[in-house]
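Work through the exercises below with the sequence and the 3D view at hand. Try each task before reading its solution.

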Amino acid sequence: MWKKILIAAVLIIAILGGLYWLKNNYQNKANDVQTLKTSSPVFEDRVYTYDSSDLPDECALNSEMACAVEFAIKCTLNPDFTGCRQAKLPRFIFMDDESLDRPTQISFKIKKIKPIAADMMEIHTESSCNGNWFGLCQGNIIYVLVPNGESWRVKDIYAIEL
């Protein structure tokens, strides 16, 4: 009899402990997303232009997220730029084919930062370039960012038509 009561008590404690953990884990993630929404950096209404013949080594933008986008753009212009090959950027950035029409100049303006989850963000940009490159440098381009240690990295890039 005591064994049945003990087993039931242990199961109840395990279930309650699991529910408590899920509740706290969900609330922390919801709070992280809310913090990201309210603390997203404000970008001035400015167009940033990069040329493959003159890429700066340092990021001059005021955000780790914006610097991740800038780094992806630098690697798009020059896949052999310092650190590009070691970075976990989308593989299509490193494709080398004349038909891709890789740009030599890209301009972009950050329009919106959209939190997707606690560990994923989207940066919406308005971009222009002097090439085609999968259609991912002309118009409304979205950079999907994920954490990379203490900073961010671009996980994916896609274009949308408004």
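**Salt bridges, step by step**

Arginine 85 is partly exposed, with a relative accessible area of 43%; the classes are buried (under 20% relative accessible area), exposed (over 50%) and partly exposed (in between), using a 1.4 Å probe and protein chains only. This is a predicted model, where local features need pLDDT of at least 70, side-chain atom pairs count only at pLDDT 80 or more, and totals for chains, interfaces and linings use all residues. Residues are numbered from 1 along each chain as its sequence is written, and side-chain values use heavy atoms, leaving out hydrogens and water.

**Exercise 1.** Find the salt-bridge partner of arginine 85.

*Solution.* 
- Apply the rule: a side-chain nitrogen of Lys or Arg lies within 4 Å of a carboxyl oxygen of Asp or Glu.
- Aspartate 80 is the partner, with the closest N and O atoms 3.0 Å apart.
- Check the surface: aspartate 80 is exposed, at 58% relative accessibility.

**Exercise 2.** Which side chain meets glutamate 126 in a salt bridge?

*Solution.* 
- Lysine 111 does, at 3.8 Å from N to O.
- The pair links distant parts of the chain: glutamate 126 lies in strand S3 (residues 120-129) and lysine 111 in strand S2 (residues 105-117), 15 residues apart.
- Glutamate 126 is partly exposed at 40%, and lysine 111 is partly exposed at 48%.

How values were computed
Helices (H or I, at least four residues) and strands (E, at least two) are DSSP runs, numbered from the N terminus.
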